[in-house]
Amino acid sequence: LGVALGFLLPPILVPNTPEDLDLMANNISILFYGTAAIATLLFILVVAVFKDKPPLPPSHSQAMLLDNPDEYSYKQSIVNLFKSVPFVLLLLSYGILTGSYYSVGTLLNQMIIAHYEGQELNAGRIGLTLVVSGMVGSILSGFWVDRTKTYKQTTLAVYIISFIGMLVFTFTLDLGHIEVVFVTAGVLGFFMTGYLPLGFEFGVEITYPESEGTSSGLLNASAQLFGIVFTLAQGKLKADYNAFTGNIFLCSWIFVGIILTGNWLFLPFDLNV
């Protein structure tokens, strides 16, 4: 929700006024001070309200850790995870798709403005559509795998649809119909963001009894690393060539992720799912 507001509010609070730079600077100051005030309030609430730990363990692995605190080693847990072939495949494929999503979200405004001049407000709305549809996708995908336990099949299906969605977004971005971009961005966000809870859930399942905090932390680190690399690379390609080239770069990497994800279906050992 915060990311969605981050797409929507800046174009409203800081409209493009190249003829009046002082007004633009004042609007930017209001945006930054407002953000700082909200962040400070949230920090105070976290310090005042959040407890050190919940009254009951949130998972079975955490309950085991509380029963045997001396047996847990964070370093050994990381070593064990990297020895797991399924988790390493998940680590790479999760990083690729989530990093691609981060890159698209970061450069979305630039891509929209490059093809639809003067549409800063709609660019923010498209970003809002991308995130809100992703929130719905996250809820539904999490509900689906919780009911069906079809982790591998659902993960692969979502990955393939995300690849198709990225291709459609790439080839329709410059058609001159911004309403098409709203639709394609919504579909892309629905499945790309819907993959996030799938990755975390799958990671917990295939790494039990390792702590879910360790596996989730590594998955998040992978996503951040790929996101940084992809954003820099896609931004460079967009600057040197065009947005189409940068998006094709992401499509090629997502296709690699599909191959990695597909390997889970043919692993000769039990994934505990």
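How are α7 and α8 oriented to each other, roughly parallel or roughly antiparallel? α7 and α8 are roughly antiparallel to each other, a label for angles over 145 degrees, while angles under 35 degrees count as roughly parallel, 65 to 115 as roughly perpendicular and the rest as oblique. This is a predicted model, in which local features need pLDDT of at least 70 and side-chain atom pairs count only at pLDDT 80 or more, while totals for chains, interfaces and linings use all residues. Residues are numbered from 1 along each chain as its sequence is written, and side-chain values use heavy atoms, with hydrogens and water left out.

**The chain as a whole**
- The chain has ten helices and zero strands; helices (H or I, at least four residues) and strands (E, at least two) are DSSP runs numbered from the N terminus.
- Of its 273 residues, 40% count as buried, meaning under 20% relative accessible area with a 1.4 Å probe and protein chains only, where exposed is over 50% and partly exposed lies in between.
- Take the contacts (heavy atoms within 4.5 Å) between residues at least 6 apart in sequence: 79% of them join residues at least 24 apart.

**The helix pairs**
- The axes of α7 and α8 come within 9 Å and cross at roughly 155 degrees; axes are lines fitted to C-alpha atoms, for helices over the stretch in contact, and angles run from 0 to 180 degrees between N-to-C directions.
- The contact of α7 with α8 holds 16 nonpolar, six polar and three charged residues.
- For α5 and α8, the axes come within 10 Å and cross at roughly 155 degrees, which makes α5 roughly antiparallel to α8.
- The contact of α5 with α8 has 17 nonpolar, seven polar and no charged residues; Ala, Val, Leu, Ile, Met, Phe, Trp, Tyr, Cys and Pro count as nonpolar, Asp, Glu, Lys and Arg as charged, and the others, Gly among them, as polar.

- Not counting residues up to four places away in sequence, M111 touches V104, F169, L173, Q234, K238, A243 and N247.

**A closer look at N122**
- N122 sits in helix α6 and counts as buried because its relative accessibility is 17%.
- Leaving aside neighbours within four places in sequence, N122 is in contact with I178 and F182.
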